[in-house]
Amino acid sequence: MSQELTTVENKTPAVSATEQLTQENAFSPEVDVFRNEEGYTFLVDLPGVSAGQVNIEIDEKDVLSLRAKTSFEEKTEPQLRQFRVGNYFRSFQLPKEMDKDNIHTELNHGVLRIFVPVREALKPRRITINA
């Protein structure tokens with residue numbers, strides 16, 4: 001993989017006014033990113049978020065954007081609140097060699113796993129030597 005993954009700072013892909021989540025009004029979830037010859041794996045910390053509250057998009061400039069919303073309602077006023085309630089937003093500029101059509105995702109126990117593979121034609125291949 002020749003290019004590096006970068007986070008997108010101070011940029012938000014174009015969305016409708018009701019959907020727009022920017023760094024000013026959204027939490028930036030913690031993300032671990034792993035890279036190997038197969039592709040990138042993103043582990044995103046989204047406590048209290050269900051699959052229906054997550055939106056993942058890739059735009060024409062290869063920017064992977066993640067939006068999520070969490071809510072928590074309790075009948076009494078909290079005395080202490082450390083649980084983040086509201087909107088999440090995070091985006092990454094993907095390298096050009098990624099296969100945007102074969103992304104796999106799963107959400108388990110508040111951790112969203114996103115796997116973005118390298119295009120098959122660009123993966124290293126083993127060459128056999130005939131004797």
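# Exercises on a predicted all-strand model

Leaving out neighbours within four places in sequence, I58 touches V63, L64, L94, K100 and I103. Keep in mind as you work that this model is predicted.

**Exercise 1. Find out where I58 sits and whether I58 is buried, partly exposed or exposed.**

Step 1: Locate the residue. I58 belongs to strand β4, which covers residues 54–58.

Step 2: Look up the relative accessibility, which is 26% for I58.

Step 3: Compare with the cut-offs. Buried means under 20% and exposed means over 50%, with partly exposed in between. I58 is therefore partly exposed, at 26%.

Step 4: F92 is 34 residues away from I58 along the chain, and their C-alpha atoms are 9.4 Å apart.

**Exercise 2. Work out which parts of the chain the salt bridge between E57 and R67 ties together.**

Step 1: Start with the pair itself. The side chains of E57 and R67 form a salt bridge, with 3.7 Å from N to O.

Step 2: E57 is in strand β4 and R67 is in strand β5 (residues 63–70), so the bridge ties together parts 10 residues apart in sequence.

Step 3: Check the exposure of each partner. E57 is partly exposed at 33%, whereas R67 is buried at 5%.

**Exercise 3. Trace the network of salt bridges that includes D62.**

Step 1: Recall the general idea. Side chains of opposite charge can pair when their charged atoms come close.

Step 2: Take K100. Its side chain meets that of D62 in a salt bridge of 2.6 Å, N to O. K100 lies in the loop between β6 and β7, and D62 in the loop between β4 and β5, so this pair ties together parts 38 residues apart in sequence.

Step 3: Take K96. The closest N and O atoms of D62 and K96 are 3.1 Å apart, and the two form a salt bridge.

Step 4: D62 is buried at 5%, while K96 is partly exposed at 49% and K100 is partly exposed at 36%.

Step 5: D62, K96 and K100 are linked in a network, and the whole structure has three salt bridges.

Technical notes
Residues numbered from 1 in each chain as written. Predicted model: local features only at pLDDT ≥ 70, side-chain atom pairs only at ≥ 80, totals over all residues. Heavy atoms only, no water. Helix = DSSP H or I, 4+ residues; strand = E, 2+ residues; numbered from the N terminus. Buried < 20%, exposed > 50% of the residue type's maximum accessible area, 1.4 Å probe, protein only. Contact = heavy atoms within 4.5 Å. Salt bridge = Lys/Arg side-chain N within 4 Å of Asp/Glu carboxyl O.
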